[in-house]
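Dear colleague,

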Amino acid sequence: MGATPQIRQRTRPSSTRRPPQAPPSSAQERMSAANLTATNQPSPNERESPVTTDDSHAATKLRATMVSELHDLGAIRSESVAAAVATVPRHLFAPDAPLEDAYAADNPLVIKRDVNGKALSSMSATHIQVVMLEQADIEAGMRVLEIGSGGYNAALLAEIVGEQGRVTTVDIDPEIVERAGACLRSTGYDHIDVVLADAEEGVPANVPYDRIIVTAGAWDIPPAWLEQLSPDGRIVVPLRLKGATRTIAFDRDGEGGLISRSYGLCGFVPFQGAGSHTERLVAIDDGVSVRLDDDTQQVDVAALRQALHSPGIERWSRAAFDLPDELELFLLTSDPHMATLLADQERIDQRLLAGSTGRGAPVLIDGGSFAYRTSRENEETGGYETGVIAHGPSAEQIAERYVESLRRWAREHRRRGAATIRYLPKSAAVPAPSSELIIKRHGAVVVSWP
């Protein structure tokens, strides 16, 4: 499966950290960090940039502004995370980025692309990094494994766990590992273990881990992560669920599996290596496709193309359209025939499909008919109302079915965190197939809406 981990020897830090040195010029491009909240004042052990005095002063001010912004957004909720964000010089982990970009709270920075320009690795926006750190609820002295190296997030983890804790960061890409190691050494975090390995196998050398934080989009949870997690440990992972990604904080459920404590919307570069998974994108027509997460789900392309070019019908739910990410998760996980419908701007401009399909709309498919979510202004529902557009010979029936799902969500689940997400490894008892069950390679995910 994964490569044998190659651990670089960790040197315990002295009580006084070395001042940072500028990363070598070979460090390429940028990475993105997570959103955090902290105080407006820099930490007493704030490090100064060695670039220029002007850069150092400007970075200090921008860092304090970012911390304040993240605090106002509600991303930072703990003193430990606030202090870490106020301390770590993010611009030294993104030396090619302008200071303003390095300290923009919602700005991810791509650090490596493939030959076609697709992002292979990035430094996440500080906002999402902070959200995940708060989900992890890390304490001083803990042992933490970060899967997906960039350097900056590992430095934040090191600040939080302190000198009695231990941070290991692992990545499959040698260039990314070299870059992360160089940035960490140059900023005084050379006590962090930087590992080159396929994270499908975790990092056995430093087990057990009190926290495992995954910073790449994962389709499944490999057995090694559960085996290397301490009995009271927590995994925070951006997990793909029928084409939607949510960062989920999982604790052990006492029955061999995991149960969610919190989840939220996110987007990450996909996992590489043995744990990678490619979703199917089925072309229905020029500029129109259906994204399928389930390998067993089949669609009749010819019938759907014919339905696409037939007159559509609109049906409205009289239910408010808000919390679109929660509604999306509900729709995708409450019916096994749901997928995601996507259209390019040209087809939307031609009014072949509504604008909701531009970024992807949950679509209910039944043979040669389909229905997808849309919305319109309606002051009676608080601003916007959800509705359905349906095409095909069974348009009326499938539209009615979809509208009832919209009404049920609005009536019973219209709030943050309404779902409970469980991960059941193959070693645990997996329930019989149902609309709530999502089959994975190493187990299954059950999304319930109590």
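This is a predicted model: local features need pLDDT of at least 70, side-chain atom pairs count only at pLDDT 80 or more; totals for chains, interfaces and linings use all residues.

D344 is partly exposed, because its relative accessible area is 33% (buried means under 20% relative accessible area, exposed over 50%, and partly exposed in between, with a 1.4 Å probe and protein chains only). D344 sits in the loop that links β14 (338-343) to α10 (345-349); helices (H or I, at least four residues) and strands (E, at least two) are DSSP runs, numbered from the N terminus. The C-alpha atom of D344 is 9.9 Å from that of G360, and the two residues are 16 residues apart along the chain.

Residues are numbered from 1 along each chain as its sequence is written, and side-chain values use heavy atoms, with hydrogens and water left out.

As to the chain overall, its secondary structure comprises 11 helices and 20 strands. Of its 450 residues, 56% are buried. Among contacts (heavy atoms within 4.5 Å) between residues at least 6 apart in sequence, 66% join residues at least 24 apart.

D285 counts as buried because its relative accessibility is 17%. Its side chain makes a polar contact with the side chain of R347, at 3.1 Å. A polar contact is a pair of N or O atoms within 3.5 Å; within protein, one must be able to donate a hydrogen and the other to accept it, and residues adjacent in sequence count only if both atoms are side-chain atoms. Leaving aside residues up to four places away in sequence, D285 touches R305, L308, H309 and R347.

Next come the helix pairs. Two packed helices are described by the angle between their axes and the distance between the axes. Axes are lines fitted to C-alpha atoms, for helices over the stretch in contact, and angles run from 0 to 180 degrees between N-to-C directions.

Helix α4 (residues 126-136) packs with α5 at an angle of about 35 degrees, the axes being 11 Å apart. Their crossing is right-handed (left-handed if the near helix is turned anticlockwise from the far one by less than a right angle, right-handed if clockwise). T126, Q129 and L133 of α4 and Y152, N153, L156, L157 and I160 of α5 make the contact. By class, this contact has five nonpolar, three polar and no charged residues; Ala, Val, Leu, Ile, Met, Phe, Trp, Tyr, Cys and Pro count as nonpolar, Asp, Glu, Lys and Arg as charged, and the others, Gly among them, as polar.

Nine of the 11 residues of α4 are buried, so α4 is largely enclosed by the rest of the structure. Helix α5 (residues 152-161) is mostly covered, with 10 of its 10 residues buried. Just after α4, D137 has a positive phi of about 55 degrees, and just after α5, G162 has a positive phi of about 75 degrees.

The axes of helix α9 (residues 324-333) and helix α11 (residues 395-412) come within 11 Å and cross at roughly 130 degrees. This makes α9 oblique to α11 (angles under 35 degrees count as roughly parallel, over 145 as roughly antiparallel, 65 to 115 as roughly perpendicular and the rest as oblique). In this contact, E326, L327, F330 and L331 of α9 meet Y402, S405, L406, R408 and W409 of α11.

Yours sincerely
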